[in-house]
Amino acid sequence: MARYFSGPRLREARKSAGISAEQLAISVGRSAYSIHEYELGRVTPGTAVLIAIADTLGRTVDDLIDEEVSDAA
C-alpha cells in the first residue's frame with residue numbers, strides 16, 4: 001500500500017483547529033493560495049512544510065497522510 005498526502009485530511013484538520021487558510025499560511029511561511037492548492041490535492045507540500053503544518057495544527061504528519069488501497073483482483 002502506498003502512502004500519500006491527503007488534502008481533504010488537511011482541510012478537516014485545519015477546520016477542526018479553527019484556523020483559516022490565511023492564518024495557516026502565515027504560520028508556515030506559505031501563501032493562502034498554496035494552502036488551498038494543498039487542500040485540493042493539486043500540490044503536495046514538501047517535507048519541511050508538511051511538518052510545519054502538522055505542528056501548527058497540533059497534529060502528527062500521519063494525520064495528514066492517507067493510504068492508497070490497491071484494487072488487486
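Helices (H or I, at least four residues) and strands (E, at least two) are DSSP runs, numbered from the N terminus. The model is predicted: local features need pLDDT of at least 70, side-chain atom pairs count only at pLDDT 80 or more, and totals for chains, interfaces and linings use all residues. Residues are numbered from 1 along each chain as its sequence is written, and side-chain values use heavy atoms, with hydrogens and water left out.

**The chain as a whole**

The chain holds four helices and two strands, and their order along the sequence is β-α-α-α-α-β. Its radius of gyration, taken over C-alpha atoms, is 12 Å, close to the 11 Å given for 73 residues by the globule rule, so the chain is as compact as a globular protein of that length. That rule is 2.2 Å times the number of residues to the power 0.38. Further values for the chain are tabulated below.

| Property of the chain | Value |
|---|---|
| Box filled by the C-alpha atoms, along the principal axes | roughly 45 × 20 × 20 Å |
| Accessible surface (Shrake-Rupley method, 1.4 Å probe) | about 4600 Å² |
| Part of that surface belonging to carbon and sulfur atoms | 50% |

Of the 73 residues, 33% count as buried, meaning under 20% relative accessible area with a 1.4 Å probe, protein chains only. Contact means heavy atoms within 4.5 Å. Among contacts between residues at least 6 apart in sequence, 65% join residues at least 24 apart.

**Helix α3 and its surroundings**

In α3, the buried residues are S34, I35, E37, Y38 and E39. These buried residues pack against β1 (2-5), α1, α2 (21-28) and α4 (47-57). E37 lies in this helix and is buried, its relative accessible area being 10%. Apart from neighbours within four places in sequence, E37 is in contact with R42 and V43. After α3 comes G41, with a positive phi near 80°.

**The packing of α1 and α3**

Helix α1 (residues 7-16) packs with helix α3 (residues 32-40) at an angle of about 120°, and their axes are 6 Å apart. Axes are lines fitted to C-alpha atoms, for helices over the stretch in contact, and angles run from 0 to 180 degrees between N-to-C directions. The angle makes α1 oblique to α3; angles under 35 degrees count as roughly parallel, over 145 as roughly antiparallel, 65 to 115 as roughly perpendicular and the rest as oblique. On α1 the contact is made by G7, P8, L10, R11 and R14, and on α3 by Y38, E39 and L40.

Definitions and conventions:
Buried < 20%, exposed > 50% of the residue type's maximum accessible area, 1.4 Å probe, protein only.
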